[in-house]
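Hello,

Here is the structure I promised to hand over. Please have it open while you read; my notes follow below.

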Amino acid sequence: MDYRIKIRFKGPLHIGFIDGVGEVSEGMVHADTLFSALVCAYSKLFGSEKTAELIENISDNTEETELLISSAFYYVGDKYFLPRPKGENFNLEKISQPKKLKKIKFVDEEIVTKNIAVEEKDIHGQFLSKSEVQFSNGFEGPVEIFERPRAGINRINSKSNLYYFSEVHFAPNCGLWFYLRVGKELKEEILASLKLLADEGLGGDRTYGFGNFEYKIEEVQLPVVGDKYLLLSPYIPSKNDYTNESKEIAKEISDAYELKYRTGYIFGTDQKAKRVVMFTEGSVFKKPVRGKILDITPDGFEKTYGYRVYRYGKAFLLPFKGGNNV
């Protein structure tokens with residue numbers, strides 16, 4: 001069953017992406033971050049043994065225990081935006097101002113899923129939409145990131161240290177949304193975990209009220225076939241996604257792609273997870289791929305903390321015709 005989860009944050013959000021640096025934050029939330037937060041909430045509700053069983057069931061790729069999560073993207077009012085498919089120009093190559101085309105980062109979901117033709121007038125800064133994309137209260141986009149000064153006090157000599165911490169604020173009627181695909185055996189438990197996550201908050205500085213949110217859930221019907229496949233989550237290839245003889249995996253399975261390192265500190269510890277190279281959202285694939293959940297437990301971590309650490313790298317794919325074919 002496929003659902004859309006629409007999030008309205010009650011206050012600021014902080015999602016760090018540079019280790020140990022508080023001055024930077026992302027406005028969107030990647031699927032592996034969402035998965036980690038959801039599994040932490042699941043563990044609090046159902047315990048560590050049930051959580052280990054959940055990871056095993058998800059890795060088996062059965063329909064009854066399926067759990068796929070997309071990254072969380074921007075919405076503006078009732079318009080839901082996807083990352084621009086890499087390499088897709090939507091037949092806009094001959095517009096009067098070619099620089100406008102290069103600036104597009106987000107595309108209205110309906111343009112992709114319904115294969116809607118677009119014109120130059122449908123370009124609104126970073127957004128491509130048949131409707132106007134407007135923001136109120138002085139916002140120039142769906143989010144603004146503010147740096148707030150804070151002071152750290154040395155416990156030994158009481159000296160203060162000034163530093164800055166970033167806060168993501170959302171414009172009125174703007175927030176984040178993501179797709180959730182969950183098998184019938186896991187549905188009730190996963191939705192209960194989502195409810196707890198909303199109360200506890202997402203991201204950093206939750207003790208200050210950061211990351212608390214309300215959400216709405218609706219069932220959606222997504223395309224099941226297409227000429228191409230748009231990646232909506234960071235992805236780690238599994239052995240079944242490519243041939244054993246392949247020396248260049250990316251070229252074999254994708255038309256256009258970008259790779260990035262994903263890492264970070266493990267929740268509740270000062271330990272850093274192993275770094276992983278992943279395909280990023282917006283990459284376009286020639287065929288369906290599955291991905292995998294990768295064990296990234298640091299050496300000696302399990303002996304000290306009693307559990308293992310995983311990186312969510314399963315692919316949430318959206319079949320589409322391809323914007324250049326409109």
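**Confidence**

Within the protein, strand 8 (residues 143-153) has the lowest confidence, with a mean of 77, while strand 4 (residues 79-83) has the highest, at 97. Keep in mind that this is a predicted model. Mean pLDDT for the protein is 87. Of its residues, 93% reach 70 or more. One stretch to treat separately is residues 18-25, where pLDDT stays under 50. For these residues the model has 25 contacts beyond four places in sequence.

**Helix 1 and helix 5**

How do helix 1 and helix 5 cross? The axes of helix 1 (residues 31-46) and helix 5 (residues 187-200) come within 8 Å, and the crossing angle is roughly 105 degrees. Angles of 65 to 115 degrees count as roughly perpendicular, so that is how helix 1 and helix 5 lie to each other. On the helix 1 side, the contact is made by Ala 37, Leu 38, Ala 41, Tyr 42, Lys 44, Leu 45 and Phe 46. Helix 5 brings Glu 189, Ile 190, Ala 192, Ser 193, Leu 194, Leu 196, Leu 197 and Glu 200. By class, this contact has 11 nonpolar residues, one polar and three charged.

Strand 13 pairs with strand 16 (residues 284-285) over two bridges, in the antiparallel sense. In strand 16, Val 284 stands opposite Ala 256.

Best wishes

Notes:
Residues numbered from 1 in each chain as written. Predicted model: local features only at pLDDT ≥ 70, side-chain atom pairs only at ≥ 80, totals over all residues. Heavy atoms only, no water. Axes fitted to C-alpha atoms, helices over the stretch in contact; angles between N-to-C directions. Helix = DSSP H or I, 4+ residues; strand = E, 2+ residues; numbered from the N terminus. Parallel < 35°, antiparallel > 145°, perpendicular 65-115°, else oblique. Contact = heavy atoms within 4.5 Å. Nonpolar A, V, L, I, M, F, W, Y, C, P; charged D, E, K, R; others polar. pLDDT = per-residue confidence, 0-100. Pairing = 2+ DSSP bridges.
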